[in-house]
Amino acid sequence: MGTIKSLSSKEPDNKTEYTVAEIVYLAYFAVMLGAKAIGLYEGQPAYNICLIIGAGLFAVKVLLTKHSLIEYLIIGLLLALGAMVYYQSGEKSLLIFLTMMLGLKGVSYRKVIKMSAWIWGIVFISMYVLSVVGILPEKAFTLDRAGWPPILRHSLGYPHPNTLHITYLIFSILILYSFHDLSKKYLTAIAVLLMLGNCYVFMYSLSRNGFLITTIYIFIDMFLLWKEKLNRFEIIVIKAIFPFSALAMIVFPLVIKGDLFELCNRIFAGRFQFTRYFLTYKPLEFFGIREIPLPWDAFVIDSSYVYLIFRLGTIAFALYFVSMILLIRKLHRDNLRPELAVVLALTIGGINETYLFNQSFKNFIFLFLGFYLYDTLNRIAVDHSMAFTRECIGFGIGNRCLEFSTRNKSSYRMIPINIYAFTAFLFVLCGILTSLVYFIAFPTPQDIYLPKYETLKGRGEEVYLTSDDVKNLKKEGNIIRGYEDESTPLYRIYRKGTVKVEYIRYIVSYGLWAGSIVSIAFLLLWIAKRNVRLILQNRNIGSDYKENVLIVHNYYRIPGGEDIVVANEKALLESNGHKVILYSRNNDEAGDKGFIQKIGLAFASLFNIRTYREICGIIEKEKIDVVHVHNTVALVSPAVYLAGINRGVPVVQTIHNFRLVCPNGVCYIKGHVCERCIEHGLKASLLYNCYRDSKLQTMVMALSMKLQRLLLTYRALNYICLTEFNKEKLLSLKQIREENVYVKPNFTTTEADIVPYSSRKKQIVYAGRIEKIKGVDLLLQAWMKLGDKAPKLVICGSGELSSWCHEYIDNNEMDNVEMLGQISNSEAKKLVGESLAIIYPTQWYEGFPMAVAEAYTMGTPIIAADIGNVGNLVIEGVTGHKFKYNSVVSLAKAVEGFMNAPIELPDEYLTMYTAESNYAQLKAIYEEVRKKNFG
């Protein structure tokens, strides 16, 4: 049984299944849309063949899909209406649009529109190119308006300049709608590009209606995209647009009189006069009027709604009017704004153009009407369960699914945004330079010579030219169009305005063509090189293959747990037969710089060119299979990501902190946890100078993150999160897909035997940086509060609070606290292994403290703050105790409770973080990201 999809249903991102019925409908739509896209029209044999094929595919689609009795009744009645209109008026368009609507059951209209975007886009660009190079005949028309010099209007391969611009309108609708899954900012960028294209097309078509309608569509789409909630006035306007548009060109010409009528008639280029004639010549009929005598040829129906009520009849007009009112109401109620923008724009465009109801096949509103029809019938069937609403007739084969292999959207084989950005840069640069060269090398032409059919009533001086004359005139910079032979006259137009407009078009177009050729050539070359590199890099994928791994790490000035992880993973991979290259930078390199040097360092942290070049060189020289990044701040910079992405090598980023969602990387500021940047965006960091309490450094860090988000760099990476908590926070960045995120903890090794718990020293160890964010001050205050009840506390590490801790201990004569300073990792492990517990009073979310893994491996329980990753790693009463993270009292009680009833760690935790299990996880991740990378 086929599923009737709601108008608001969402398509899965990687849907690869199509029903047989869907395929038949898409074939029908491709035939009908393709026929109009390439310029076929009624009366041509090729167009008639397309109509026959389309009708046959529609019939097959209806037979393949199960319908209820009421659906078949509606299909029959509507097709009968279309047949009656065709019989009486000779107009096939209603039948054609009804097949578009009635065949949609069980078909995704999004698929239809995306397929249409491909067809329409390819044909539109091809028609433009072929007309420019002279393969397709390109006819110009003279625009002759009061106060204007005669200006040529170009059709660029289409029958008329107005047709050219309406074709661009449909192109804009299909493109903008197809990309509505992107973020608002990218959609806005696409809208800006489409608006620039609108200006370029207008430069040739000079179609005011086409330019205005396209502008209105882009404005409506952007307004509905960015407007969070519509107010009552806006809702009223939206709902009033269709009835006003439909009735304005029908009612106003009949009721307006005198000077106001003449004014409106001039504004609408004679349409008021035409409409009054067509609507008053004879009474309107139910099924349309075939033809009436015309006073002269200029009398045409130039409004979709006049065309509908006059040619297709009052019944069709009434049905469409009611259906549209209900459809717009539903689109607003279900908040389907992209669809609403399309409907409103086409509705407004129908005032001055006839494409909504002639045979142009451009009225996509019928797609939405089809879904609305079947969605409504489905709801009636579910709510009332009446017999005539149940699906009972049709062939089940139509609902069988066929699978097609498609590339995963998260695949690296997608072209990175930074390559698109550089391509755009090349386009603009080459375009501007070419236009300047043309402007300097070719002065403004003196005259333009046109064939008779391109001039208005033969306007211009008639001349006869030989081929030599043509060559000489062109050398002098004159423009000559449509030359046939010396016996066929041309007309010399010497109006400066006419020539200058053509000259401006040449300047702009040469720049456009040059920019397009260079940028497309670069993009194709990059794709070719990338594909060859991918094939060579991914010949061997499997458990037996040992990847060449490039580990990238930026060392902080103060050593930390990340450094240990890097060393451990490097040794682990090498011990398992991998070739490992370590690329590292150290923030000590920056030193104490002057102001100018700090500015340079800020730019380097945005994108370090040295890093990019060196990483690219290593990838090529060492035949790297995976780039594994640990830290990029500040000297490595995000350049490492782009180096790997652009070289087609999968990039894996281990998430040690929260740097991708928080500029300071710790979600902690001014003594408390902070998620403002996650909730409100990176601009929040600038209010609080989150990174090192510096406005400049915070701005640089936020700008770096913002730039990578705009380039969709993070979308192209794979991630290793150390805990599920890390993963949850990382996925708050919407461009990161969950399937690209893996959870793998750190591991550690043991160099000594585990000391039996009963033989351990009665002491608790803190091992880590001596910083306020680590809660060391609270730890000492809690030990002070415990007094004589406190066990011995051993503190290992160094940091900004070291001096304060020494003073606090000395001032309070805390003999049971010992500070060892920075000790080696092996000494720290030995110390942890002979102690009753380690304590972790952290005040922030943490990453995955190596001290936790080391403690569990040594059989040592943990007393930890109940926050972030550390809190999640401790199971209360099983692997340790937890306390309220910012409470001295709670910390003291947890320690006292632990000393009264020490916890011996379960045996399974001794092997949970071993190197063997960790390597198996890491190797599996490498294999999977390489398979995705190869596509």
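User: Which definition tells us when two strands pair?

Analyst: Two strands pair if DSSP finds at least two bridges between them. Strands (E, at least two residues) and helices (H or I, at least four) are DSSP runs, numbered from the N terminus. This is a predicted model, where local features need pLDDT of at least 70, side-chain atom pairs count only at pLDDT 80 or more, and totals for chains, interfaces and linings use all residues. Residues are numbered from 1 along each chain as its sequence is written, and side-chain values use heavy atoms, with hydrogens and water left out.

User: How many bridges join strand S22 to strand S23?

Analyst: S22 covers residues 835-840 and S23 covers residues 862-865. Ile 839 stands opposite Ile 863 in S23. The two strands run parallel, and the bridges that join them number 3.

User: Which strands stand at the edges of the open sheet?

Analyst: The sheet has 6 strands with parallel pairing, in the order S21-S20-S19-S22-S23-S24. An edge strand has a single partner, so one side of it is left without a neighbour in the sheet. Those strands are S21 (817-821) and S24 (880-883).

User: Are H6 and H14 roughly parallel or roughly antiparallel to each other?

Analyst: The axes of H6 (residues 161-178) and H14 (residues 337-349) come within 10 Å and cross at roughly 170°. Axes are lines fitted to C-alpha atoms, for helices over the stretch in contact (heavy atoms within 4.5 Å), with angles from 0 to 180 degrees between N-to-C directions. Angles under 35 degrees count as roughly parallel, over 145 as roughly antiparallel, 65 to 115 as roughly perpendicular and the rest as oblique. The helices are therefore roughly antiparallel.
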